[in-house]
Amino acid sequence: MRLPAAPGAVGLSLAAFPVSYALNCVAALAHPGAIAVTGALVLLAVFSMVYLLGEGSHPQDPLFYVFTVFSFTSVIDLIISLEEDGYISGFMEFYIKEGEPYLRTAYGIMICYWDGIVHYLLYLAMIVAITQRKSYRTLGLYWLGSLMMSIVVFLPGNMLGKYSSEIRPAFLLNVPYILIPIWAGMRLFGQPKPLPCCTAQKVAAEHQRSLYQRPLDSGLILFLLAAATFTFFRGLVVLDCPSDSCFDYIYQYEPYLRDPVAYPKVQMLVYMFYVLPFFCLGIYGLLRPGCSWLPDWALVFAGAVAQAQFSHVGSSLHHRTPYPYRTPEEVWWVFLLTNVLYALGPHLLAYRCLRSPGFFQPAAPAGQDGIKKHQ
């Protein structure tokens, strides 16, 4: 018996519903330690099932097993978010109560929605690509950025915010989401890039075009400059900058930045210390030809900012956020427009890199064209 690709992954992931329902009915799982052990055993059982049923059919890429197991956990996260929003009941109450109570926050619900929908679809797409022996490098880099962003905000937010005293043993179940993406990222970056679609002559022509001859790149640079400025400003806001503009902004436009759960503060600091330098590097890559590293990292940061903005915007408006920290209704449109445009910037940069990669390819060595013509 062999595990089919997408149908098998879908069937396995949907098993999360009966599994979670059955575990929710077991009274012994009311203890935090029992929940952590049970969670680890369930993950081990799922991995063993995927490995045994898929052995001999998909052994060429170990990420196949990772994506299949993670698709199961994505459905678990979707169940958590749906239950916390009142759409279903009787599935994960035991886990939220004694396992990871911080998932009841607006931010916890939003990252579960993102993992249960966006990550789940990415897992299925990459599983299909692996079984069809197609490249999934682009999807993988986008997923890598998205997952890493959720982890670097979620875990410190749990330890620094008001839920720091409620960390239970089940918190350790997040450790694989730190280690496995690092290993997966090394494999993804190590995969061969698609063959260059531009000839050496076209690459040379792209390199010779000045910024004035690239109006779309000029507009994108201005866009990234504005995003970098906004990133720096919000970083100052969460660092308690005493200026009047920061005070007015945090009370009138984004009071969620004051929420004691700490997720928004950590998010803005991650933006300031990691995304802001990337915006500057992106501008550099648009000014100087031959930055072959930019397309890959543009995909990573596009996924990261997409996940972050979805979670941040959703948390700012969610009913689980206390009313004093929710975005006021009178500024909803300004808030939404600003944050949607902020998320759009990295995606425009990634699209620019994928649509016309010639500018970012290194120049061909002298004399290579002549050799190719002679051949």
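Where does Ala262 lie? It sits in the loop between helix 11 and helix 12, the latter covering residues 263-287. We'll come back to that spot below. Keep in mind as you look around that this is a predicted model.

## The whole chain

Let's start with the big picture. The chain's secondary structure is made up of 15 helices and zero strands. Its radius of gyration is 23 Å, close to the 21 Å that the globule rule gives for 375 residues, so the chain is as compact as a globular protein of that length. If you box in the C-alpha atoms along the principal axes, you get roughly 75 × 65 × 30 Å.

What about the inside? Of the chain's 375 residues, 51% count as buried. Now take the contacts between residues at least 6 apart in sequence: 78% of these join residues at least 24 apart.

## Helix 13 meets helix 14

Here's a pair to pick out by eye. Helix 13 runs over residues 294-317 and helix 14 over residues 332-355; their axes come within 8 Å and cross at roughly 165°. That makes helix 13 roughly antiparallel to helix 14, since angles over 145 degrees get that label.

The crossing of helix 13 past helix 14 is left-handed. And what sort of residues make up the contact between them? It's 20 nonpolar and five polar, with no charged ones.

## Thr231, tucked into helix 10

Next, look at helix 10, which spans residues 215-238 and includes Thr231. Is Thr231 buried or exposed? Its relative accessible area is 2%, so Thr231 is buried, the cut-off being under 20%.

So who does Thr231 touch, if you skip the neighbours within four places in sequence? The list is Tyr271, Met272, Leu276, Phe279 and Tyr342.

## Two loop residues with positive phi

Now for a couple of backbone details. Asp240 has a phi near 65°, which is a positive value in a residue other than glycine. You'll find Asp240 in the loop between helix 10 and helix 11 (244-252). With a relative accessible area of 64%, Asp240 is exposed.

That brings us back to Ala262, in the loop leading from helix 11 to helix 12. Ala262 isn't a glycine either, yet its phi is positive, at about 80°. Its relative accessibility is 11%, so Ala262 counts as buried, whereas Asp240 is exposed.

Definitions and conventions
Residues numbered from 1 in each chain as written. Predicted model: local features only at pLDDT ≥ 70, side-chain atom pairs only at ≥ 80, totals over all residues. Heavy atoms only, no water. Axes fitted to C-alpha atoms, helices over the stretch in contact; angles between N-to-C directions. Helix = DSSP H or I, 4+ residues; strand = E, 2+ residues; numbered from the N terminus. Parallel < 35°, antiparallel > 145°, perpendicular 65-115°, else oblique. Left-handed = near helix turned anticlockwise from the far one by under 90°. Nonpolar A, V, L, I, M, F, W, Y, C, P; charged D, E, K, R; others polar. Buried < 20%, exposed > 50% of the residue type's maximum accessible area, 1.4 Å probe, protein only. Contact = heavy atoms within 4.5 Å. Rg over C-alpha atoms; globule rule 2.2 N^0.38 Å.
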